[in-house]
Amino acid sequence: MQRKAGPWFYVFLLVFVFLVMFPFLWIFLTSIKPIGDIFGAPFAWFGSGISFESYQSALTTRPLLRYMLNSFIVSTATTVLAIGCASFTAYAVTRLPIRFKGAILGIVLASSMFPPIAIISPIYNFVTDFGLRNSYTGLVIPYITISLPLAIWILSTFFQNIPYSLEESAKLDGATPFQTFRKIILPLAAPGVFTTAILVFIAAWNEYLFALTINTQDSMKTVPVGISLYQSQYSIPWGDITAATVLVTIPIVILVLIFQRRIVAGLTSGSVKE
């Protein structure tokens, strides 16, 4: 018989959720405070009233909507290209009879361990030499570089959990490796592919270093760089920054809530063997 959770479990759960959500809660409460209450003393959770002045200022002080559009275009292009390349690579490494599979996956994993600051110089020179600065392509290329190893490694795990008997049956029916991949392997691994795509999209959406270095024109900046530019001459406009943070977080939250079932299915896929 399954035991019921005791009251201490719920107390611990409430404390844990509060600690996890505290930064987001603090940012939201700060964004709706009047400007004078943000810097006022003493400390107060809530201000003297609700004000949307910070949201208006965040949208008018800097081109926040343009930053969001740039991030969406770059993140979407990165996700599509990275998942496409990673799917073929993971299928070849895990399902086809090639040698040194373990070494290939090890090299892929090792390449993801380099910190971005260590490879920013050669990537910057490459982008500059090809005239790709201040363009979407100039960001998509390095984003694919840093997201491919993780995508390949995750997708390899999902592809390995698919029974080989299905692939053998397809071969007996005359299917080519590409037809087997497209009609059998990819549909069965769809939850894992979708989960990997979400992770790649969020990583590209939040990336800061390459976006700061490569795209210097204001009209081509992405969300993280754009928010960091919310500065005034004599103070830091925390109200504008928190309001902009809430606005750019909403699309990601909506995306995760809409596809949460697929994400959970992808994260738990292959955890139980029949």
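## Salt bridge

Asp 218 and Arg 62 form a salt bridge through their side chains, at 2.7 Å from N to O. Asp 218 sits in the loop between helix 11 (209-214) and helix 12 (223-228), and Arg 62 in the loop between helix 3 (53-61) and helix 4, so the pair ties together parts that are 156 residues apart in sequence. One salt bridge is found in a search of the whole structure; the term requires a side-chain nitrogen of Lys or Arg within 4 Å of a carboxyl oxygen of Asp or Glu.

The model is predicted: local features need pLDDT of at least 70 and side-chain atom pairs count only at pLDDT 80 or more, while totals for chains, interfaces and linings use all residues. Residues are numbered from 1 along each chain as its sequence is written, and side-chain values use heavy atoms, with hydrogens and water left out. Helices are DSSP runs (H or I, at least four residues), numbered from the N terminus.

| Residue | Relative accessibility | Class |
|---|---|---|
| Asp 218 | 30% | partly exposed |
| Arg 62 | 23% | partly exposed |
| Thr 94 | 4% | buried |

## Helix 3

The buried residues of helix 3 are Ser 54, Tyr 55 and Ala 58. They lie on the same side of helix 3, because they cover an arc of only 100° around the axis, taken from the directions from the helix axis to the C-beta atoms. Gln 56 and Thr 60, on the other side of helix 3, are exposed. The cover over the buried residues includes helix 1 (7-31), helix 2 (35-38), helix 4 and helix 13 (238-258).

## Nonpolar cores

A nonpolar core is a set of buried Ala, Val, Leu, Ile, Met, Phe, Trp, Tyr and Cys residues joined through side-chain atoms within 4.5 Å. The largest has 19 residues, and Phe 159 and Ile 185 have the most contacts inside it. At least two residues of this core come from each of helix 4 (64-95), helix 5 (101-111), helix 7 (136-160), helix 9 (177-188) and helix 10 (190-206). Helix 4 gives the largest share, six residues. Tyr 55, Phe 201, Trp 205 and Ala 244 are among the 18 residues of a second, separate core.

Contact means heavy atoms within 4.5 Å. Leaving out residues up to four places away in sequence, Phe 159 touches Ser 87, Ala 90, Tyr 91, Thr 94, Arg 95, Phe 181, Ile 185 and Ala 189. Thr 94 is in helix 4. With the same exclusion of residues up to four places away in sequence, Thr 94 touches Lys 101, Ser 156, Phe 159, Gln 160 and Tyr 164.

Key. Buried < 20%, exposed > 50% of the residue type's maximum accessible area, 1.4 Å probe, protein only.
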